[in-house]
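Hi everyone, thanks for coming.

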Amino acid sequence: MGNEQFSSTMNRRSFLGAAGAAGLTIGFGAPAQAQSKEFVSTVFGGVYEREYRKHIIDPFEKETGIKVLTKTGLSSEWLTNSIVNRRSPEIDLLLLPYPDSIKATMEGLGMPLTVADIPNISQIAPEWYDQYDKAGIGLDYVGYGIAYREDLVPTPPKSWQDLWNPAYKGKVTVPEIGQWGSWELLVVAARLNGGSEDNMEPAFAALKRLKPNIKQFFKSGVDIANLLGSGEAWVCGMTTNIPAYGLIDAGKPVKFIYPSEGAMAGAVSYHIAKNSKNADACKKFINFALGKDVQENFCNGVVAAPTNINAVVNERTRQRVPSREHLQLFSWAKIIPQMSELADRWNQEVAF
Amino acid sequence: MSSVLAIKPLSNTPASTRRVRHVDKSTFLVLPACIVIAAALLIPLANVLLLSLNRSQPGVIELSSNFTLANYTRFLWSPFYMRVLGKTVYIAAMTTTLCTVFGAILAMAIWRAPQHLRGVIVIVVISPLLVSIVTRTFGWMIVLGDNGLINSTLMSLGVINEPLRLMFTDGAVIVGLLHVFLPLMVLPILTALDRIDPNVPQAANTLGASRFTTATEVVLPLAAPGLVSGITIVFSLSMSSYITPALMGGPDSGMITTLIYQQFVVTFNWQFGATLVAILLAVSLVLVAVILFEFARRTRKWMVRQ
Amino acid sequence: MTDIVQGYSFRIVVWALYIFLLAPLVCVVIVSFNYEPVQSFPPSAWSLRWYGEALRNSNFVNGAFVSAWVALGATLIATPIGVMAALGLWSSSSRFKPALEALFIAPIIVPGLVTGISLLVALSAVEMRAAPVKLLIGHVLIVLPYVIRTTLASLAQINPSLKEAAETLGASYRQTLFEIILPLVRPGIVAGMIFGFILSFDDVNVSLFLVDARTTTLPISVMSYLQYSFDPSVAAISSLMIAMTFVITLVLERMFGLKRLFAGH
Amino acid sequence: MAQVALKNIVARYGSFLAVDHVSLTIESGQFVTLLGPSGCGKSSTLRIVAGLLQPDEGAVEFDGRNVTAVSAAKRNIGMVFQSLALFPHMTVTDNVAFGLRMKKMPQADIENQVRRMLQIVRLDHLADRYPAQMSGGQQQRVALARALAVTPSILILDEPFGALDRKLREAMQVELHALTRQLGITALFVTHDQEEALMLSDSIAVMNKGRVEQFGTPAEIYRAPRTEFVADFMGMTNFLPGEVVDSDSSSAKVRVGSAVFSTSVKDTIAPGEAVKLAIRPEKVMIGHLSAADMCFLEGHIRQITYHGNASRYVVDLPDGGSIIALQQQSPEASLAVGSNVRAHWSPEDIHLFRA
């Protein structure tokens, strides 16, 4: 009697065990192994993905035999996903742009990265390590400047201040709040008018004054390309070199400048999810990506500035990206807590 | 005048519509859909919507037990948010109205077209749905832009000297939504028209009705189920549309969904974002219910009896 | 006299609508043949370059397969559920009927992004991590309302005595359903399936939060691609989609006759 | 063919009593009509027989077997609907074969039976048409063939000829009459048209307010209506109020205005009771004089209408009432509007009802 009870319990337990194991297999795609053979990383699409694959992923896979699965999409989704799946991450290695990289840092999503684990960190300029609390490391950066239609503008812009030039009435496009460049625009507007990250008040008065000039708030790089390419807008007030040179290389009469006050920085960085089971592979990968040669090849490919101080990019790239000295950095950590309010004020006073 | 009669209790319906059996079957039939919607939408959504009862705390997505209505009062006392809500309803209503008018016209054109042309016309009508929104918007910019086809045509004809501002306006949003939602209106109306006895419009003609009167007063009421289907779908989709208003609207064309998007993925203020969703849902559901009820009230007497 | 005027104005409006529907798409197709590496109009030189580029892009090709399977799967799952629900609503005289009808439209009232996020949170909580399953769940929600609404519209026009006639002739409920009611509402079901399939195939907002590194849909791949590249390969993909739909429709027409798909009898 | 019996059937819609304790037996091979104005409960009764509606009380029996709980699908009936309810997506053949397929009859037998049925209704040349491609009369015959194909226990017809024009309607009536007699079908027919009922039926049940007022052969119903309602519905449009002044078991004297008439009765009506005299218009004659044994009332002609084979007179009586007469002959010159006349009739044409 007792035995029967015991054996039936056993049967049920082993059945549940098997079912659980089956669930895990489905859930994780592949059973976790001590020596990780693959991990999931995020990557931007288009040219960036092509160059990233060519100069970083492919050589890395060849060298180590570790497979890199890439997830495309939006950085805000990657961040959301990582917060939601914090305990058991779906994404092992986050490649994030501003401001999601700083949000990830403030959320404590990433595990600390050390020179011991990733020797190449020692070659990286300190600002691309420190601002992520040493739990993230910069891969490359680009500059935000002004792009404009040479053939259409009455006078070419030279400084951020020129965005307010009445001659550009109804012909300027600036980013929609939340888009790449929007927070940078707020900071620039504040700084030009005596404000700072701690005092963003002047930004709103300035942007209200900018309103007559604004044709449209752009929502994406394609928007910039379409607006400038078709001549709907003459001036794009806050864009990185990427879409601007996309148009220039296509033969459009577009020019791109870094304003006299300095370029705003757009950096992307690596963050390894704290509970990642494939952290070792991720560290190996980061070290590989930060190496001098890899940085040079990759940055020449996507036309970005390397974070590795020893890396030297070619002439074409050097002309298109801002020098380290010409960058205007600011404290994202001060802006992020204000974002909800800033967006609210933007909506009410600038956009709607 | 007829409303008192129309909402008579069901027990007074005529003998031929009273069904005794299969009532239990109808419960069984709707059950799977209820389960799917409850499990895949309502429960997950409730989980997020409950956050609206927590104090705004950007970056925090866990529910706490300190409940407050602060987010709702913030919305309701703000003229700005109420204006955005008003604009959302306005754009959805305009889109739905235009869609109904033009959808009905198109559906009738297809209905009357020779059978062998039908397939082609149906593809023409559904083709806007086949093109990715980003490219579609680019297409619109070519047509509506300052240097676009319409403006350059008008300028070369000397009708205007300055380009008209067509793109990046509320009008452009409505045009963009109309473009993709038309198929969702046309097909339900068309399937409804196909069930109409061809003698009925002819009968109206013999009674001296013009083609227009026949269409609006005889044919369309008979296609009412298709119309209401299209209207509810288009209205709901317009209320919750995000990308078209974002890409085709002007600086001030944002709708509630624009704000929802910001709160969820830009500022990570899920508490307020959930509040906006709850309000959008409530308003949309009430308005859709009004549409359905109004339809039922107007057609109850003749609908089921054909 | 008025009839002639009305006839002409009707025809003018209809042609204007055809132009309205097609104009932006024709522009897109023209742009797709542009040689230039940014979308621009009118093209300076013609080329099939971006078609080649689009078809070589494995993200697009794989994405198209994933989207097709997800849309097909979701449509096949949602259709029986939706048709059943429509039949239930049709034969019900319950007080809760309007509430149920509204409930069944709810998936398209909730902004897709919020649906996606809600599903992400909920499915993570129950440890469901297989992206194909997650996508199917999300996309069944996308398809369901269309099937229910369009089927309901068709059902509303069935003469109720047809059902009774079948019953008096000895047909069981099942036989009445399969032999009388379903054939008569087929146009509505087909319309709903077509909408569901296309809107599922096209969806960005719900899918964004449900895809993973192995399984990504075409619209997500397109969106990601556009972050760093602005060339007409996306216009080429869109043009291919239009072309493919034409071909599929023509084949369907040859095989079944669209007449049979879109008309009851 | 079966005998069908309704036992004390009650059907309610909320508080409204649609069928009020109806009992009725339809003998095997009989053609029975439910006759009555709309809303009298005849359709509900018919749907109860068909099994499309569950009675709240009472039982339905087929050949003595209680089938109240049996669904329409299992009752083996054939029904012709008011809207015909032909399946629009099926050809004539498929429509007629439907019920046989449901019964899982072998394919060859189905084909034979369908062919036979289409021959009977003379539609064999249209077997591949769809209902929408046929005329109203043809559709009617398809509906009939479909209902008959299953060799039903009972054929149920719900005002099937309502939508047809007069000529077609008459042709169909003749056809249906011939067909049912030839095949010996038990049939239950619903109509509000008394002529149709009289022509087709073996028995008629006249219904009013959910009740059967009278059940009998057409001749009985026509000649001896038992209630005022039946009399009225069967075309006795002249009702004169009166009072019994004297009576015995077989006859009564009734005063109408200043006149007193004698008539035979079936049961005793006590003197002093208020009654109504009903007389068919075609039994009333108009003239300046009348024979001695005739009953008469005097009045003047208000209206004369010509009906081809007859003339219809409306005679206003001095007390404010009027009487209608239908005469076979053409109107005489002396009987013009305004002239004073005698409306007269034979005592045996009087039907007496308690008021």
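This is a predicted model: local features need pLDDT of at least 70, side-chain atom pairs count only at pLDDT 80 or more; totals for chains, interfaces and linings use all residues.

Let's begin with chain A and chain B. On the chain A side, 32 residues are in contact, and they meet 37 residues of chain B. How much area is buried between chain A and chain B? About 2,800 Å², with carbon and sulfur atoms giving 57% of that.

Now for the charged pairs. Between these chains the count is one salt bridge. It joins A:D344 to B:R74, and the closest N and O atoms there are 3.0 Å apart. As for polar contacts, eight residue pairs turn up across the interface of chain A and chain B, with both residues at pLDDT 80 or more.

If you want one place to look, go for α14(A): with seven residues, it provides the largest share of the side that touches chain B. By class, that side of chain A splits into 13 nonpolar, ten polar and nine charged residues.

So much for the chains; let's step inside chain A. Domain 1 covers 38-141 + 266-325, while domain 2 covers 143-264 + 332-350. Their C-alpha centres lie 27 Å apart.

Where the domains of chain A meet, domain 1 brings 15 residues into contact with 17 residues of domain 2. The area buried between them is about 1,300 Å², and here carbon and sulfur atoms give 67%.

How many salt bridges are there across the interface of domain 1 and domain 2 of chain A? The rule finds two. Separately, have a look at A:D249 and A:R320, which form a salt bridge with their closest N and O atoms 2.8 Å apart. Polar contacts across the domain interface of chain A come to three residue pairs, again with both at pLDDT 80 or more.

On the domain 1 side, α4 and α12 (315-320) of chain A each supply at least two of the residues that touch domain 2. That side of domain 1 has ten nonpolar, two polar and three charged residues.

Notes. Residues are numbered from 1 along each chain as its sequence is written. Chains are lettered from A and ligands numbered from 1 in the order in which they are written. Side-chain values use heavy atoms; hydrogens and water are left out. Contact means heavy atoms within 4.5 Å. Buried area is the accessible area (1.4 Å probe) that two parts lose on being put together, summed over both. A salt bridge is a side-chain nitrogen of Lys or Arg within 4 Å of a carboxyl oxygen of Asp or Glu. A polar contact is a pair of N or O atoms within 3.5 Å; within protein, one must be able to donate a hydrogen and the other to accept it, and residues adjacent in sequence count only if both atoms are side-chain atoms. Helices (H or I, at least four residues) and strands (E, at least two) are DSSP runs, numbered from the N terminus. Ala, Val, Leu, Ile, Met, Phe, Trp, Tyr, Cys and Pro count as nonpolar, Asp, Glu, Lys and Arg as charged, and the others, Gly among them, as polar. Domain bounds come from an automatic or database domain assignment.
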